[in-house]
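Here is a short briefing on one predicted model. Look over the fold before reading the notes.

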Amino acid sequence: MSAANIDRKAAFFKIITPYLTRIFENAPDFGSAGLTIVFHEGIITRIDISETVQRRVAPRQYGG
């Protein structure tokens, strides 16, 4: 791996670290989190965070 690639990787990691930290600090007990990084001409232009929380729900009882 060239020095340029290592520098680029370090720069990308520096940009996304706060978003990763946010995800890990707010991780739900049940659910998922995602990070989508959009690149344009080799630079990060947008970062999307997705979070879902799942909860266990008791089944409804249908009686007659």
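The notes below cover the strands, the salt bridge and the aromatic pair.

This is a predicted model: local features need pLDDT of at least 70, side-chain atom pairs count only at pLDDT 80 or more, and totals for chains, interfaces and linings use all residues. Residues are numbered from 1 along each chain as its sequence is written, and side-chain values use heavy atoms, with hydrogens and water left out.

**Strands**
- Strand E1 spans residues 31–40 and strand E2 residues 43–53; they pair in the antiparallel sense over ten bridges.
- Pairing requires at least two DSSP bridges between two strands.
- Helices (H or I, at least four residues) and strands (E, at least two) are DSSP runs, numbered from the N terminus.
- Valine 38 has arginine 46 in E2 as its bridge partner.
- Two residues separate E1 and E2 in a hairpin, and glutamate 41 in the turn has a positive phi of about 55°.

**Salt bridge**
- The whole structure holds one salt bridge (a side-chain nitrogen of Lys or Arg within 4 Å of a carboxyl oxygen of Asp or Glu).
- Arginine 46 and aspartate 48 form a salt bridge through their side chains, at 3.0 Å, N to O.
- Arginine 46 is partly exposed at 47% relative accessible area; aspartate 48 is partly exposed at 30%.
- Buried means under 20% relative accessible area, exposed over 50%, and partly exposed in between (1.4 Å probe, protein chains only).

**Aromatic pair**
- The count is one aromatic pair (rings of Phe, Tyr and Trp, the last by its six-membered ring, with centres within 6.5 Å; planes under 30 degrees apart are stacked, over 60 edge-to-face, the rest tilted).
- Phenylalanine 12 and phenylalanine 39 pair edge-to-face, 5.3 Å centre to centre with 65° between the planes.
- Phenylalanine 12 lies in helix H1 (residues 3–25) and phenylalanine 39 in strand E1, so the pair ties together parts 27 residues apart in sequence.
- Phenylalanine 39 is partly exposed, at 43% relative accessibility.
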